[in-house]
Amino acid sequence: MKICIIGSGYVGLVTGTCFADMGNDVICVDNDARKVEQLQSGKVPIYEPGLEDLIKKNVSEKRLVFSTEIRAGVKDSKVVFICVQTPPRSDGSADLSYIEKVAREIAANMDGYKVIADKSTVPVETGLWVQNTIQKNIKKDISFDVASNPEFLREGSAIADFLKPDRVVIGAQSDKAREILGELYKPLEVPIIFTDIKSAEIIKHASNSFLAMKISFINAISNICEKSGADIECVAKGMSDDHRIGAHFLSAGIGYGGSCFPKDVAAFNWISGKLGYDFKLLREVERINSDQRKLFCEKISKALWVLKEKNIGVWGLSFKPHTDDLRNAPAIEIVRFLLDEGASVKAYDPVAMEKAKEIFANIKFALTPYDAAEGCDALVILTEWPEFKGLDLERIKLSMNQPLIIDGRNIYDLGIMEKYGFQYISIGRRQIG
Ligand code: UGA
């Protein structure tokens with residue numbers, strides 16, 4: 001099937017590449033000429049494991065092309081996916097101006113029936129507006145269908161999430177659109193949930209908000225554990241073995257970050273309010289999340305007393321492992337706090353340091369995690385990169401000014417920290433040392 005992807009950001013690139021790998025002819029369009037040029041020459045502007053190789057493979061097999069021209073993309077395509085950004089505005093609502101512009105441009109270039117499927121994360125009723133916008137701007141008497149096909153891709157495992165999803169959600173209003181999109185996803189052999197457009201739009205916001213709520217819930221429990229002397233790991237395990245609760249998203253830490261949860265929780269709260277429902281629960285989810293970072297900063301202060309002129313080693317900057325994405329990363333707020341207090345920071349992250357250099361001019365960057373720990377008064381862990389777990393703890397301890405680790409991701413076993421003689425402060429667990 002010939003398909004067009006408008007917007008070659010994170011979602012568009014992964015979606016387009018995976019559809020191409022499934023045998024479709026895909027044209028990815030983006031209005032950023034430099035990005036398109038980069039992609040045409042085989043360079044991928046984002047870090048996503050496996051993506052570069054898959055792009056190269058499909059480009060060389062001529063199933064995947066890149067263009068700046070919406071006209072070229074829309075022409076002859078059976079499905080046009082909208083994958084443009086919907087950035088947050090200051091009131092929490094999503095900026096839908098890119099969606100509106102693309103809808104007008106698609107309308108102006110329609111050359112026959114198509115399904116216009118929205119993959120960007122949008123508030124409920126956006127499909128209706130896209131439908132009206134295309135209808136108003138379409139030149140000839142051409143029929144079309146609008147659909148909502150939300151994505152559930154996690155950064156760092158987006159390709160696997162695309163190719164082996166738990167489910168595909170297709171919100172459509174006609175049998176024809178359902179059939180075409182169903183055919184496109186059929187090779188994945190996974191459950192497809194067909195809904196109306198509005199329900200599909202809400203499924204996306206509700207899913208991300210629910211996951212964010214799970215994280216805030218377990219973080220709230222971690223605070224009770226700290227105050228009572230219970231252990232969050234035991235509590236989470238005891239809860240998650242109940243299959244109604246499930247094992248995922250119950251890792252307590254320094255809260256969620258990234259480009260999705262913070263934005264989507266705020267946007268869902270905003271659209272709920274606009275529709276006449278005061279979604280107080282979501283605001284509490286946000287509050288717990290932001291408090292969790294502050295509580296962590298307090299832990300650092302409490303452990304070191306005065307931060308001025310202290311050397312702090314930082315492990316992990318990205319908002320989670322396997323990505324270089326720093327958007328809304330807890331690390332940004334925590335490193336800023338350390339700097340504001342007058343501490344010196346030496347940070348290490350396996351892939352996010354280049355991006356971090358654009359944000360922090362006044363921190364040092366280490367070549368290895370050992371280098372970051374050397375000579376520091378405290379080592380602070382902000383992202384749970386797997387490579388941190390297997391390091392030589394004796395070597396780290398001996399190289400530090402004092403053996404103090406403040407771990408925002410609970411990566412180490414308490415017994416091991418005790419054995420090595422660290423002072424170890426983590427989340428929702430007893431303090432060692
Ligand atoms: C999230 C969703 O998981 C995807 O399904 C969705 O498609 C995507 O947003 C999106 O809307 O595009 P992502 O932001 O890549 O994906 O990252 P997650 O793996 O969901 O993690 C989000 C944050 O929650 C991270 O900061 C992570 O450290 C934190 N987290 C996650 C916890 O603090 N505890 C947990 O138990 C799990």
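How do strand β10 (residues 344-348) and β11 pair, and over how many bridges? I looked this up first: they pair in the parallel sense, over two bridges. Two strands count as paired if DSSP finds at least two bridges between them, and strands (E, at least two residues) are DSSP runs numbered from the N terminus, as are helices (H or I, at least four).

A note to myself: this is a predicted model, where local features need pLDDT of at least 70, side-chain atom pairs count only at pLDDT 80 or more, and totals for chains, interfaces and linings use all residues. Residues are numbered from 1 along each chain as its sequence is written, and side-chain values use heavy atoms, leaving out hydrogens and water.

**Entry: the open sheet**
I then followed β10 and β11 into an open sheet of six strands, in the order β11-β10-β9-β12-β13-β14, with parallel pairing. Its edge strands are β11 (364-365) and β14 (423-425), each pairing on one side only. I also found that Lys 346 has Lys 364 in β11 as its bridge partner.

**Entry: strand β4**
Next I checked β4 (residues 79-82), and both its faces are covered. Val 79 and Phe 81 on one side, and Val 80 and Ile 82 on the other, are all buried (under 20% relative accessible area, with a 1.4 Å probe and protein chains only). β4 pairs in the parallel sense with β1 (residues 2-6) over four bridges, and Cys 4 stands opposite Val 80. Four bridges also join β4 to β5 (residues 114-118), again running parallel; there, the partner of Phe 81 is Ala 117.

Notes
Buried means under 20% relative accessible area, exposed over 50%, partly exposed in between (1.4 Å probe, protein chains only).
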